[in-house]
Amino acid sequence: MTSPRKSPESPLAPNTLTPGRGDALPPVNGTLGEEPTPASSLALVVNSLDVRKEAKTVASDGSIRTRERGFAPTSLERTRRLEETAPPRKKALWLRMAALVLCMISFSVMVTDKTDGWAGDSFHRYKEFRYLVAVNVIGFVYSAFQVYESIHRRLTMKYIIGRPMGYCFDLSMDQMLAYLLMSASSVAASRNDVWISRFGSDDFTHKANASISISFFAFFVLAISAIISTYNLFRWSF
């Protein structure tokens, strides 16, 4: 007598495991049929966290950016992403270097503005010229710091002053120095014009005019830098 043929809807094969109420679940790092241990349960939790492993992407400048999947971007990532759409940093660096050179030339020319003889004169006798020298020295030191900060950021990918505080610092300093340069250049030009109207022009007034003109150029450069700093700050805020 032949055995009946099994239909396609017959029960599963004996080797197939169907978990039930009393069956043991297969452990993560064990053999079939063993009860799950605390170590295997911990491994299961760790493996489930692999979904949030850090994903590294290589940016266009060669730097490696890291963030966790499923989380909002960090402050540093936001700063880098905003800088990608900012005005070219090379142009901003050139502006800083131009301000540094102009301020240095301006106060250097004014410091050497002296004449000898019985009718000799010197810049330190006039508070307007001393004011011009002081403001240009401050502008030179600040521009030197900005150039150093830009080079430091390019080499180390780190900020000396964190963002967005650095944007506030840049904007406040650019505006303040631009106003000071305009003020100092204006009062120095007025003082020199009074001197020329009373006693005529000579080497002393010519040097003063050269220093004042260069100081005005430094003002325009810092004014442009202030516009860029304003753009960076408001772009971060909104």
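Modeller: Buried means under 20% relative accessible area, and exposed means over 50%. Keep in mind that this is a predicted model.

Biologist: Fine. Is F129 buried or exposed, then?

Modeller: F129 has a relative accessibility of 2%, so it counts as buried.

Biologist: What does F129 touch, leaving aside its neighbours within four places in sequence?

Modeller: F129 is in contact with M110, F123, A188, R191, N192, F204 and A208.

Biologist: Which residues of the largest nonpolar core touch the most other members?

Modeller: That core has 26 residues, and the ones touching the most other members are M110, F129, L132, L181 and L222. Two or more residues come from each of helix 3, helix 4, helix 5 and helix 6 (203–237).

Biologist: Switching to rings. How many aromatic pairs are there in the whole structure?

Modeller: A search finds 10 aromatic pairs. In one of them, Y126 and F129 have ring centres 5.6 Å apart and planes at 65 degrees, so that pair is edge-to-face.

Biologist: And how are the rings of Y126 and W195 arranged?

Modeller: Their centres are 5.9 Å apart and their planes are at 75 degrees, so this pair is edge-to-face. Y126 sits in the loop between helix 3 (89–111) and helix 4 (127–156), while W195 is in helix 5, so the pair ties together parts 69 residues apart in sequence.

Biologist: Are Y126 and W195 buried or exposed?

Modeller: Y126 is buried, at 11% relative accessible area. W195 is buried as well, at 18%.

Biologist: Which residues do ring pairs link into a cluster?

Modeller: The cluster consists of Y126, F129, W195, F199 and F204.

Biologist: Now helix 5. How far does it reach from its first C-alpha to its last?

Modeller: Helix 5 covers residues 165–199, which is 35 residues, and reaches 51 Å. That is close to the 51 Å expected at 1.5 Å a residue.

Biologist: What follows helix 5?

Modeller: G200 does, with a positive phi near 85 degrees.

Biologist: Last one, A184. Where does it lie, and why does it count as buried?

Modeller: A184 lies in helix 5. Its relative accessibility is 0%, so it counts as buried. Not counting residues up to four places away in sequence, A184 touches Y131, L132 and V135.

Biologist: How far is the C-alpha of A184 from that of I212?

Modeller: They are separated by 8.6 Å, with the two residues 28 apart along the chain.

Technical notes
Residues numbered from 1 in each chain as written. Predicted model: local features only at pLDDT ≥ 70, side-chain atom pairs only at ≥ 80, totals over all residues. Heavy atoms only, no water. Helix = DSSP H or I, 4+ residues; strand = E, 2+ residues; numbered from the N terminus. Expected span 1.5 Å × (residues − 1). Buried < 20%, exposed > 50% of the residue type's maximum accessible area, 1.4 Å probe, protein only. Contact = heavy atoms within 4.5 Å. Phe/Tyr/Trp six-rings, centres within 6.5 Å; stacked < 30°, edge-to-face > 60°. Core = buried A, V, L, I, M, F, W, Y, C linked by side-chain atoms within 4.5 Å.
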